[in-house]
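I opened my notebook to record what I looked up in this structure. The entries follow in the order of my reading.

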Amino acid sequence: MEIKSMRFKANAEASLANVVLQGNLKNAKGKFVTKRAEAIKELDDFEGTRDAAMAIRNKVIDNLDLWLERFEARAQETGAHVKWAKDGAEVCRLVTEIARAHGVTKVTKSKSMLSEEAGLNQALEAAGIQPVETDLGEYILQVNDNEPPSHIIAPAVHKSLDDVADLFHKVHGTPRKTEIPALTREAREVLRGHFLSAEMGLSGGNFLVAETGSVALVTNEGNGRMVTTMPRVHVVITGIEKVIPTLEDLSTLMRLLPRSATGQSISNYFSILTGVKKPDEHDGPEHLYFILVDSGRADVVGGEFHEMLRCIRCGACMNHCPVYQTIGGHAYGWVYPGPMGSVLTPLYAGIGNAIDLPHAATLCNQCGVVCPVKIPLPELLRKLREKQTEGGMRPLAERIGLRLWAWVAMRPRLYALGAAVGARYLKWLAGEGRSIRVLPAATEWTRGRDFPASQGRTFREMYAARRKAAAQEARQ
Amino acid sequence: MAKKTRVGLFVTCLVDLMRPRIGFAALKLLETAGCEVVVPEAQTCCGQPAWNSGDRNGAEALAKKTIAEFEAFDYVVVPSGSCGDHIRNEYQSMFVDEPGWRDRATAMAARTFELTDFLANVLKVDGVPGDYEGTVTYHDSCSGLRGMGIKAQPRALLATMKGVELKEMNGCEECCGFGGTFSVKFGEVSAAIAERKCDFIHASGARAVVGGDLGCLLNIEGKLRRMGDDNTRVLHVAEVLAGDA
């Protein structure tokens, strides 16, 4: 997917100015948060489960090659093919080759963020193969001229009922419907034909289980089952970090994933798919392929950002992020929005291609406290800021400003003088009022709010004066 | 006579520059509770802005300066969850390659407290010098809440004041959008987040919003005034507790 993260600030401001989007964000806000808060109460030991999940993910990431080899061997024993893709271009090439080998003209897709990373739909179309998104949210976006998703689990969360009603009326040429069940039925009617006619199904994978060579899929609409069982060919595309050792580990992670994501105790559908259809079986694919994708992940292993690889893609961090909740996901400019995206985008798409993202956070740590696998997101964002500073990537004015400020702060007398001048200036600017309407040195602050006036003298001045007066009094 | 507890008061750079009365309120609260309070003259900033901006060198220099100035006290008390969190939690992780400084940071961390935490849990005061009449709502600032566990302490202290009626707002634990340099890098986003906080404050019906971090309070006050609200008071918890509000 083309990266537009360098336009974050302009994108964010456009989001704020978009009245329809702001209304949709307000409507969606808090629903996942409230439901998650209720759902985690069902667990006797939520914190202990988080620790266990973190340990499982760390165990894998620490020996990723070993677990991948084990998965590959087991998957091959079940009749699956395992292929490795270095980057998105290789994903596109492999999928196209597999499709051609099996004479495929249409591919039904269950949600896959990696196919977004790879820009797979465009590649398939260019190869004359029709991709059909079957997750309702993804379908809405696909028929809306391939709009990118704005959330990793609720891709069309930025759209309202009205938006979808208008869109379906336009693209399906049907009478405009305003009830959600009617709109859903309309999409199902369209998709049913595709489910029946597609020769290949393509899915992501929430987890790969090394001990059984299985892929685990967490879905809510049932489309995942249609995509993975009806066509002759099933292709799973997933990142190399998604492997876990055992089914037991899967059960631990599944206690956290749906609860953290949508606030469900368990998703409506949960599938563990193993191998190809056996001679005595009625459903399942005749051909099963796993495409395991690196796309920057291997470089993160063993480095200072390795904790990010624990991520199980629940979306809790963005659901709880004040910035994401205010501007929506598109502003982040790539596949993954919110706090996890602000870490992943620089790591996978290049630190120089996403300069603003690590700074697009208040470091409130609401993301860190809800992350089911305890990824210290604010700390990783801060480390990325450090990388930018080390690499001389920050704007010159900011670099000089910070250096100068730190230099002065190391010199208490000079600092005291500067603060004394500053305190007077920040009182004078307010004039008679209590607030400064335009702050010349920081106009960015006063674009959307006032800056309160200072008291006019610094604490240290007033404290020194008080001590002096007390000393004089004592002498008398 | 028992030796008085010696407290080093870290005033914070924002209080020094913008609201000295918060520093004096903290001083009064600590002295009333029986502490000998020292305000080291050479203190400037804990270095958090540098650390959070990715300037490790500046952050380390200011951390060492602050440790050297404050480590001799029995306790270090800070009227800010944000600066307190930085001194107590971040200093230790900063010096991974300098064991000497890491040990000094760790030793000081154990004796570093946010003001209301210190009053409620270390000194265990059963009353405060101030009085205040009116309804207040409490904003839990992020670093204080999630970094230092400040939640019950200010409420317990406010509850000892007869005239204070606490009206909790929805979303009291949500970020106000300040975020240090975030507020001047992405001013409009920051102000939009602040607006939501102000809506929560208004919905609570309280006449004043109280918090423990001046950064958040400047952000909230600035947004309230821009929204045309000149009436809701924005107060640091120390001002209320000390009776200086």
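Predicted model: local features only at pLDDT ≥ 70, side-chain atom pairs only at ≥ 80, totals over all residues.

How many residues does the contact take from chain A and from chain B? I found 50 residues from chain A and 50 residues from chain B, where two residues are in contact if their C-beta atoms, placed from the backbone, lie within 7 Å.

Residues are numbered from 1 along each chain as its sequence is written, and chains are lettered from A and ligands numbered from 1 in the order in which they are written.

I next looked up A:W405, which is placed in helix α20 (residues 396-409) of chain A; helices (H or I, at least four residues) and strands (E, at least two) are DSSP runs, numbered from the N terminus. A:W405 is buried because 21 other C-beta atoms lie within 10 Å, the cut-off being 20 or more, with C-beta atoms placed from the backbone.

I then turned to a sheet in chain B. Four strands form an open sheet in the order β6-β5-β7-β8, with parallel pairing; two strands pair if DSSP finds at least two bridges between them. I recorded β6 (164-166) and β8 (233-236) of chain B as the edge strands.

Definitions and conventions:
Buried ≥ 20, exposed ≤ 12 C-beta atoms within 10 Å, placed from the backbone.
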